[in-house]
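Please keep the sequence and the three-dimensional view at hand while reading.

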Amino acid sequence: MSVPSSDGLELVVVSRATSWPAGVPGAPAPGTRAVTVFLVNRRAAPPEDAPRDTAFVFQAKLRLRAEVPFIARPDPLALAAALDPDLAIAALQFSDAVEYAVGHNVSARWALEGERCTEVATDWLPATFVDRVESRDDLRNVTLDMEALSRATDAATIREGASPLVLLYSAWIDEHARASAQAESHRNARLQLVEDARRAARRMEEGIDSLSDPKVFEAFRIANRAVARAIRQRAAQERPDRDPERVDAPAWRPFQLAFFLLNVRGLADPDHPDRRVVDLLFFPTGGGKTEAYLGLAAFSIALRRLRDPSPRSSGVTVLMRYTLRLLTLDQFGRAATLVCALELERQRRPTELGTWPIEIGLWVGMSATPNRLGGRGDDGKTTARAKVQAYKREPKARPSPIPLETCPWCGTKFEPWSFDLQPNDDVPDQLRIYCASRTCEFTPNRQRFGLPVQAVDEPIYRRLPAFLIATLDKFAALPWEARAGALLGRVDRHDPDGFYGAAEPGKGTPLGGYLPPPALVIQDELHLVSGPLGTMAGLYETAIEALCGRAAETGPALCPKVVASTATVKRAQAQIRALFARSEVAIFPPPGPDRRDTFFSKAHVGPGAGGRLYLGVAAQGRNLKVVLLRAYLALLAAARRSYDDARRAKRDPNPADPYMTLVGYFNSLRELGGSRRIIEDEVASRLNDYGQRRRRVEPTEPVLFADRRRFHLPRELTSREPTHRVADTKRCLALDYEHESEHVDVALATNMISVGLDITRLGLMVVTGQPKSAAEYIQATSRVGREKRRPGLVVTLLNVNRARDRSHYERFSAWHESFYRAVEATSVTPFSPRAVDRGLASVVVALARHGRPELTEARGAERVLAHRHELGFVADALAARGIAHAPLSEADAQALAADLRTRAADLLDAWASIAQDKGQLQYQREVGHAPPLLRDPLDPELDRLLARERKFRSHRSLRDVEPSVLLRMAGLGEDAS
């Protein structure tokens, strides 16, 4: 039909009957029709000398109203939900997030009158608000005050304060159980959620019962006191007076205390079934997951010391693992403050908590920390000696020798003399770190040994800090480094300087057995442990678990408690089973039938509730970089106008401050690099007079933009930035805009910020191109709008020439309302053929080297001949792990186990054959001239080796998927064309 007075515009309407299989939940009733409406421009093309605009249609909009209400489009995942428990729960929780219309090269919106949809329309600038989810704080009669719990005189007092939490939760469960029993829709999913919640309540009650053990009770008190003191110290660093006593009394959020109680029994009793349950802390980004598992860490360390204050209780108690550098370094500072509090507690009670210091270690790659101490004659630029000396020469130009710029206890910036190599710079065996503040607890006058922080590999292997933070990549060192097994308890001697195992024979006095392995393993941001990295991590986990889970000399087999956390998850049970070979997974808080309410958290809706507003921008026929330029200019200039208006009104704090810093998110370094030049040149220059150029003609019109003349060059949060610059950028991002010299106008980032960027000030983000996964999109955009008084604005620039971007634009509102449902399941396949080919040799060598003391030291590789018959446990561990890593049929499990046994035996036989032929053998070139067993994948000698020797290729990083090649640009000669 023609549009009246439009000179050639037509409406084309297509109506067709819908067809859905019988029995699909939510399928439309018979006779329902799908209607598609197009606006078609049939205007004749203007002459070449005439303005082309006359044939175009600008700001076109379609609106449809109907007396009979529109019905929601059927759920496309309805059939799959019947077969997948995760999809069934998602279908229940998002049953109210429905879609009434989809755009074609445009987005769509709809209007509801009650529960009836009577109008749908096109929308060129779709916007959707995502509610802020926060821990509830309205529970009465529950003692959440950490210091009050630490002052409890007996377990009955804690029961009196904590039991109401369990009772209130149980009442909430009963209410939902009654409602679920009456509801017909999604019945099975509802009943499963209720059962999961009941189980969590029972475990919380058991945790409270465990406090009747005096040592468990005392460890609980110490953990509360240490976490509270650490929170006070970190909060005081942001106050002008820096007085911890003036900070509000620290209190647990209800879900944090519940999670603590939930895990007490499994941590306190190694034989309890809860010990093998992997508890997954699932809470939105910024909700407080870190404090929850730091409480467990403090409890584990304190309990081990209380049960045995002798040196035999030392060693690594808590192993916290991350995947990304930014996240690791961020959490290191927070955990270091906690460890400082625990160490001060130990010094106050050495009889009960032992004389060996409670320390924290950072075990990561040499790009972040020095792996060696160095010494005279060692010219390495990455040694601790080289970094300390460079920092002392140029403290303003050089970064701190370790990834801490300030004291974790009081926040005072380190001075050059804060770093001391002992006993001297020429032959150091320890890097001591002291605070520069005279009033701090960790000055040289108060603490002879300084801060309880170890950040150099060599002292870490000797000191064995109670709390170890590491990246997953670092565990690739197990087959290469003889001392790495010490971190899993493989030491049997000690002296006042540290502990020693088979890698260092003859040192120290006997302990009477091995140290216990880690009691608690924390895997943060579980969703990142997937793909190639997760696959290799799962394979290496075979060696880690076997070495940790050895039989104790006087008791049952030991295994660590595993706790994980994430804000985005799907099919977590399969992922965790592949990684840790543990079939039982418990998500906490257990999700409720209503996604907005888990009892422990609630979604805050309505004006003033905070949250994030997502805005979709897509421009037909325009390059995405042009859209980026226009968006950056408008947002930065509008923020300036709002900031100036609030400043003139003397509003303090300035409500526009969160939007004065724009975080630009890109899917790759290539896209970021191409856009950076636009921002440095065009954005910076045009902002000088943007407010004047965009001023409305009529003086009564509101002024939307202001000139922004002081524009700093953009900063980066990417993998190509050195660690100290990343840390400095994070520090500056947290500063208010009034800091003229250090404020950040634009920060450009890649997926490095998807986790670990916990800066509550940020409120504005522009995402260029739809990220490749929903989890990445959710995690990245959750970096803004983290506080109620600072709601977030996320502007997503979509490329309509890309099918995926266009699809997200056309369904913008509906997708954002339920994007947690769109989170992709992760893939972890540690025993796939390709993974076994690539990593089995490393795992076999790691198991054998650290499992038999005779093989541990560098030249121990040649002793395999004498001990070959004792290495059957290697094949056994691999076979057991292969059977347990996934739900396999009996035939498939036996076939995989047999294959792993055969391949492990073949590798061990090849190793013995090499040792026999060579006569002497070491693992890598480190002692004398003996040939190495292990080879780097890019070793130039590989082609000249025998086939059996090439089997022992071993990567030094779990992240290396394919070899990288260094390219050097050579100068072009005169004859070059």
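The structure is a predicted model, and every value given here is computed from it.

**Strand pairing**

- Strand β22, residues 612–617, pairs with strand β6, residues 127–130, in the antiparallel sense over four bridges.
- Within that pairing, Val 130 has Arg 612 of β22 as its bridge partner.
- Strand β22 also pairs with strand β27, residues 792–797, here in the parallel sense and over six bridges.
- Tyr 614 has its bridge partner in β27, namely Val 794.

**Helix α16**

- Helix α16 covers residues 669–686; its 18 residues should span 26 Å at 1.5 Å a residue, and this agrees with the 25 Å that separates its end C-alpha atoms.
- At Ile 679 the helix α16 bends by about 35°.
- Ile 679 is also one of the buried residues of α16, which include Glu 671, Leu 672, Ser 675 and Arg 676.
- Further along α16, Val 683 and Ala 684 are buried as well.
- An α-helix has 3.6 residues a turn, so residues three or four places apart point the same way.
- The elements that cover the buried residues of α16 include helix α15 (624–648) and the strands β23 (662–666), β24 (715–717), β25 (746–749) and β26 (764–768).

**Aromatic pairs**

- The count of aromatic pairs comes to 28.
- One of these pairs joins Trp 356 and Phe 499 edge-to-face, with 5.0 Å from centre to centre and 75° between the planes.
- This pair links distant parts of the chain, as Trp 356 lies in the loop between α10 (350–353) and β10 (360–363), while Phe 499 lies in strand β16 (residues 498–500), 143 residues apart.
- Trp 356 counts as buried because its relative accessible area of 12% is under the 20% cut-off.
- Phe 499 is likewise buried, at 1% relative accessibility.
- Phe 819 and Tyr 820 form another edge-to-face pair, at 5.4 Å centre to centre and with 80° between the planes.
- In this pair Phe 819 is buried, with a relative accessible area of 1%, whereas Tyr 820 is partly exposed at 28%.
- Ring pairs also link Tyr 169, Trp 172, Phe 259, Phe 588, Phe 599 and Phe 600 into a cluster.

**Charges over rings**

- The charged end of Arg 321 sits over the ring of Phe 475, at 5.6 Å from the ring centre.
- The charged end of Arg 956 sits over the ring of Trp 480, at 3.6 Å from the ring centre.

Technical notes
Residues numbered from 1 in each chain as written. Predicted model: local features only at pLDDT ≥ 70, side-chain atom pairs only at ≥ 80, totals over all residues. Heavy atoms only, no water. Pairing = 2+ DSSP bridges. Helix = DSSP H or I, 4+ residues; strand = E, 2+ residues; numbered from the N terminus. Expected span 1.5 Å × (residues − 1). Bend = angle between axes of the 7 residues up to and from the residue. Buried < 20%, exposed > 50% of the residue type's maximum accessible area, 1.4 Å probe, protein only. Contact = heavy atoms within 4.5 Å. Phe/Tyr/Trp six-rings, centres within 6.5 Å; stacked < 30°, edge-to-face > 60°. Lys NZ or Arg CZ within 6 Å of the ring centre and 35° of its normal.
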